[in-house]
Amino acid sequence: MKIDDIKPLETVLTGDFRSIEPHLQALDKHLILRTYLDGYSLGDVDTKIWLALRGNRAAVSFIRRGSLVNLARWFQWIEDNHPEIQAEVKAKDAAAKAKVAAASKAGGNYALALQDADKGVVTRFLPEPSGYLHIGHAKAALLSDYFAHQAYNGKLRLRLDDTNPSKEKQEYQDAIIEDLAMMGIKPDSVTYTSDYFDYLYDMCVRLIKEGHAYADDTDQETMRDERFKGIPSKRRDRSVEENLRIFEEMKKGSEEGRRHCIRAKISFDNPNKAMRDPVIYRCNTETPHHRTGTKWNMYPTYDFACPVVDSYEGVTHALRSTEYTDRNPQYQWFLDTLKLRQVYMWDFARMNFIRTFLSKRKLAKLVDTGKVWGWDDPRMPTIRGVRRRGMTIAALRDFIIKQGPSRNVVTMDWTNFWASNKKEIDPVAPRHTAVLQKDVVRVKVTGAEAPSEPFSAEKPKHPKNKDVGVKNVWFANELLLDQADAKSFKDGEEITLMAWGNAFVRNIAGGDPIPTLEVELNLQGDVKKTEKKVTWLAAQGQKLVPAELWDFDYLITKDVLQEEDNMEDFLNPNTSTMDDAWCDEAAAQLKKDDIIQLERRGYYRVDKGLNDWKDGEEGPKGKRLVLFCIPTGKTGPK
C-alpha cells in the first residue's frame, strides 16, 4: 500500500466489520516489515488511523483476537507507547459511559458508543405510511429519539418512506405523526422520501450510466427462482444505452416500460441473497401517489431509497432492527458505488410478543375483514390499540427504553409489559364499585345499626393517595350484590361489606340464581377475622350508572406463528366478553381516557363516559359507561 492509499482509510474504518475487513487485511500486509504505517515515528497518518480503529468497537474486538498478527502488534505498540494521543479517546469513553448509565440502570444495556459521535449525531425514524404504528415501531422510534436527544445532543429526523402508493394513505401518514407526538417524540424535521424523487431518479440514471444497474423484464416468478438459484438474468448484460432508453419508457409509463423494473448489478450468486441484483425501481401506473399524484409512473424501492436519502439528508447513524442485517452490505454497496457520504449502521432486536404478529399486512387483513373494530381496537398491538386498552405513555416509554438496543431476539410474554403499566396507574387510579346486572341479588339490611333512610358520606377515592380526591358513598337498608358473592355465603356467616363494616348473613332465599338475602349489621365486628370482603351498592338514595365491562383475549391461539402457518387457522374465535353492570353514582363524572379501579375487579380505562356519546349514538340501551379492562401483568392480556 502507498501512503496515498492509507490516508483515505480514516473515514472508511469507522464502518461495520464486513465493510472494513478487506482494509484491515491490507494494513496487516503493509505492516509486515514496519513498526509504523508511515516513517519511523508516530506521525499524522498513524495517529488518525489508530484513532479511527480505536473508535470502532467491532474493529478493536477483531484486532485484539490477534489473527492479523502485524496489525495487532502495531495497534498494541501505539497504545503502549503513545499515551499522548489517547486522552481524547479516554475522555470520549468516559462521557459515553456517563450518558448511558441512567438508561442501563433502568434495565437496558446502553453501553454502546456511537462512532464519531463527537462530530454530531443525526438519527432518523423511517416508517412507511401503509398502516398505523405498532409497538415494534415504537421501539425503533424511541431508540432513535433516545440516542439523538438524550445520549447525545443530536437531531432526530422523521422521514415518511412513501415509495409504494398502492399501500399508502394520507390517513396513515397523519396517524404516524400524531402517535409520535403522543409518545413524546419530537423530531427536529419531518420529510418524505417523495421529496427526493427527482434526486433518486438522477442517482438511478448514474448507476445505469456507470454500468451498475440494468432494466429487466423477467417475470416475477422466474426472477425469484433465478435469484434463489444464483442464475444471472438474461437481461443482465444489456447495453447502457438500451437500459437508459427503457428507464425513460418506465418514466413515461408506456407498455414496454411497465413490463420492466431496474435492478442493481451487484451479484447474481452472492451467498447473501440480499446482494443478488435487487430491484431498485418498479412501475406503478394504477394508483396515484397521495402526495405527488400522477407525476411519476415509477418509484424507487426501500432498498435503494433508504441509503441514498439517508446520506443525502445528513443522517449519521441509522438504527435498524435485525431483520435488516442481511441488507447492511447492500446498503453499504449503494453508498460506496455512488461515492456518497457514509452512514453508520446499528442493528437492534425488534420486540416480539407471544400470540401476537406485527406484520402490517396481517394486521390490515384483520381490519379489512372486520375481525377487529379498527387499527385502534384494544386487541391490536398498535400504539393506538394498547393505548385504548389502557397503557399509559409513561409506562410504554419506560418499558421500551428498558429493553435497550440489544441484538438478542426474544419473544416476550405480555405480563411484564402490563406489569410496568400497573406501577403507573395503581397510585393514582380512583376507586369505584360495580355490580353485575345479570342475576343481581337484592339484599335487605337489618339490625339496630341499619339505616332507616339512605344517607351518604365522603370517602377518599384512593385509600393511600388523598390527592386523588373524595367521592360520596351511599348507604341504605337495601343493597345490590353480585350473584357470585351471594352463592359463596353460608347462612349465619360473618362477612365484611367493604367501606362499611361487618354483617351476618341471614335468610338466603332458595333458588338458582339466588334472588334475595338479608344481612344483619355488626359494625363492631373485626374486619380482620372475616374471610369474605365483598363490594356492594346502595339500591336507594343514588342514581346508579349503567356500564359495559369489556375484557379481551389474544387474537391468535398459537404462541409463535411460523412462516408456513396460515394465520386464519389460528385466529381466536372468542376474543372479547362484555357484562352489563351498575356503577356507583360518582362514576357519572368519568370521561373518555380516565383510568379507574373497580374494587375487586381490576383496572379499567373509560372508552366512553356518559357525556361522550353523540346524539342518537347510544342506541336502545341508552347512554352508559363503556369500560375496558386493563391487564395487570398477572395473567397477560386476559
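Trainee: What makes D336 count as partly exposed?

Mentor: Its relative accessibility is 42%. Buried means under 20% relative accessible area and exposed over 50%, with partly exposed in between (1.4 Å probe, protein chains only), so D336 counts as partly exposed. D336 lies in helix 15 (residues 328-337); helices are DSSP runs of H or I with at least four residues, strands are runs of E with at least two, and both are numbered from the N terminus.

Trainee: Good to know. What sort of model is this?

Mentor: This is a predicted model, where local features need pLDDT of at least 70 and side-chain atom pairs count only at pLDDT 80 or more, while totals for chains, interfaces and linings use all residues. Residues are numbered from 1 along each chain as its sequence is written, and side-chain values use heavy atoms, with hydrogens and water left out.

Trainee: Why is strand 23 called largely enclosed by the rest of the structure?

Mentor: Strand 23 (residues 545-552) has eight residues and seven of them are buried, so the rest of the structure largely encloses this strand.

Trainee: How do you know that strand 23 pairs with strand 24?

Mentor: Two strands pair if DSSP finds at least two bridges between them. Strand 23 and strand 24 (residues 576-583) have eight bridges, in the antiparallel sense; W550 stands opposite M578 in strand 24. Strand 23 is also joined to strand 27 (residues 625-630) by four bridges, and those two run parallel. There, A547 has L625 as its bridge partner, and E548 stands opposite V626.

Trainee: What makes strand 12 and strand 13 edge strands?

Mentor: The open sheet has seven strands in the order 12-25-26-27-23-24-13, with mixed pairing. Strand 12 (431-432) and strand 13 (434-436) each have a single partner strand, so one side of each has no neighbour in the sheet.

Trainee: Why is helix 18 called oblique to helix 19?

Mentor: Helix 18 (residues 393-403) and helix 19 (residues 414-425) pack at about 135 degrees, their axes 9 Å apart. Axes are lines fitted to C-alpha atoms, for helices over the stretch in contact, and angles run from 0 to 180 degrees between N-to-C directions. Under 35 degrees counts as roughly parallel, over 145 as roughly antiparallel, 65 to 115 as roughly perpendicular and the rest as oblique; that makes helix 18 oblique to helix 19.

Trainee: Which residues make the contact?

Mentor: With contact meaning heavy atoms within 4.5 Å, helix 18 brings A394, A395, L396 and F399, and helix 19 brings N416, F417, S420, N421 and E424.
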